[in-house]
Amino acid sequence: MGLGLPGSLAVMKKRLPGLGLCVAIALVATGLGALVPVVGAPVFGIVIGAVLAAFLKPGTVTDAGAAWSGKYVLQASVVVFGTGLSIVEVLRTGWHSLPVMLGTLAIALLGAWLIGRALGLDGDVRTLIGVGTGICGASAIAATQSVIRAKSSDVAYAIGTIFTFNVIAVVTFPFIGRALGMSDHSFGLWAGTAINDTSSVVAASFSFSAAAGAYGIVVKLTRTLMIVPITVALALYKRRQEVRADAAAGGAAAEEPPGRISWNKVVPMFLVWFLVAVLVDSLGVIPQAWHPYLSQLGTFMITVALAGIGLGTRVGVLRQAGLRPLVLGASLWVLVALSSLGLQAATHTL
């Protein structure tokens, strides 16, 4: 007869092998990311995880920990990234940049819905690629995945697509910006609104100039705050769908009518903690000297989480979508890049 363990300890013991493997993958991915910064550790994390998944059978000892990492470590990483966002810095970007940021976001989301439907892509894939393109790459995908509960394969599609066009943007944007004769300010705004991942924004904008890099980072951080309203809207939409489905099946309709939504079931707690982290940083509680280390911690955590998602991905499932996610990603990338320039011209910020 076994000794038996308290429930929480037994669950923790069950998760440790998978979580340990995710951390090990993240350590390797971090080293590779330092060698090839244009790719970055998170992308290496999900790729290594997906490659290992091809050799692991479903139901292995690592499954529980990998799944837990892909959900909860992912949410925690979003909270940590909130410690680098200051409302004061957001306001300093100036209201004149908001039309460009909001316009490109609307175009990315609408384009994802229309073009994704035309391509016959699953709704979750469309949503993840749309928010990843329109807001901030992996962080937005992480937040969105937590509320729509997308499959690991859908997250892998989105991450791979966003990564592909981030790399292209880092290489091509500085040349295009110089060819167009863009100012430091306009290029920083362009990079901050048309490139997804923060590290890619930094790489592209600082390649143009130090001034463009400084402004591009602030624009990108301001854009990241859009995680909050978009995630809440998606959570509300998802909850309404669930309530209506329950009502149609004669289930929870009595507890929660379709016209009434319980907010405690809509707004995920990690989003509340994200806002708390932003507020704490805005009040100056977090020393500036801590920001680089917190950023590194957030990146490592999201790498651990994406390793878990990679371990839950099956290559055979990815093949079913073929090139369609890349076509959607390419279309959105071009749309957002051109609309950012067009909106700058219309608002006299180009």
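Rings of Phe, Tyr and Trp (for Trp, its six-membered ring) are taken to pair if their centres lie within 6.5 Å, and the planes of a pair count as stacked when under 30 degrees apart, as edge-to-face when over 60, and as tilted for the rest. By this rule, the count comes to six aromatic pairs. In one of these, the rings of Trp 68 and Tyr 72 have centres 5.9 Å apart and planes at 40°, so this pair is tilted. The structure is a predicted model, in which local features need pLDDT of at least 70 and side-chain atom pairs count only at pLDDT 80 or more, whereas totals for chains, interfaces and linings use all residues. Residues are numbered from 1 along each chain as its sequence is written, and side-chain values use heavy atoms, with hydrogens and water left out.

The protein has 16 helices and zero strands, where helices (H or I, at least four residues) and strands (E, at least two) are DSSP runs numbered from the N terminus. Of its 350 residues, 47% count as buried, a term that means under 20% relative accessible area, with exposed meaning over 50% and partly exposed in between (1.4 Å probe, protein chains only). Contact means heavy atoms within 4.5 Å, and among contacts between residues at least 6 apart in sequence, 81% join residues at least 24 apart.

Trp 68 and Tyr 72 are four residues apart in helix α3 (residues 63-82) and are therefore separated by about one helical turn. Trp 68 is partly exposed, with a relative accessible area of 27%, and Tyr 72, at 40%, also counts as partly exposed. The rings of Phe 187 and Trp 190 have their centres 5.8 Å apart and their planes at 75°, so that pair is edge-to-face. These two residues, Phe 187 and Trp 190, lie three residues apart in helix α9 (residues 184-194), and both are buried. Phe 187 and Trp 190 also belong to one aromatic cluster, together with Phe 165, Phe 173, Phe 208 and Trp 333.

Helix α9 is mostly covered, with nine of its eleven residues buried, among them Ser 186, Gly 188 and Leu 189. In helix α7 (residues 138-148), eleven of the eleven residues are buried, so this helix is largely enclosed by the rest of the structure. Helix α7 is followed by Arg 149, whose phi is positive, near 55°.

Two packed helices are described by the angle between their axes and the distance between the axes. Here axes are lines fitted to C-alpha atoms, for helices over the stretch in contact, and angles run from 0 to 180 degrees between N-to-C directions. The axes of helix α5 (residues 98-119) and helix α6 come within 8 Å and cross at roughly 155°, which makes α5 roughly antiparallel to α6, since angles under 35 degrees count as roughly parallel, over 145 as roughly antiparallel, 65 to 115 as roughly perpendicular and the rest as oblique. The residues of this contact of α5 with α6 divide into seven nonpolar, four polar and two charged, where Ala, Val, Leu, Ile, Met, Phe, Trp, Tyr, Cys and Pro count as nonpolar, Asp, Glu, Lys and Arg as charged, and the others, Gly among them, as polar.

The axes of α6 (residues 123-136) and α8 (residues 152-179) come within 9 Å and cross at roughly 35°. By class, the contact of α6 with α8 has seven nonpolar, three polar and two charged residues.
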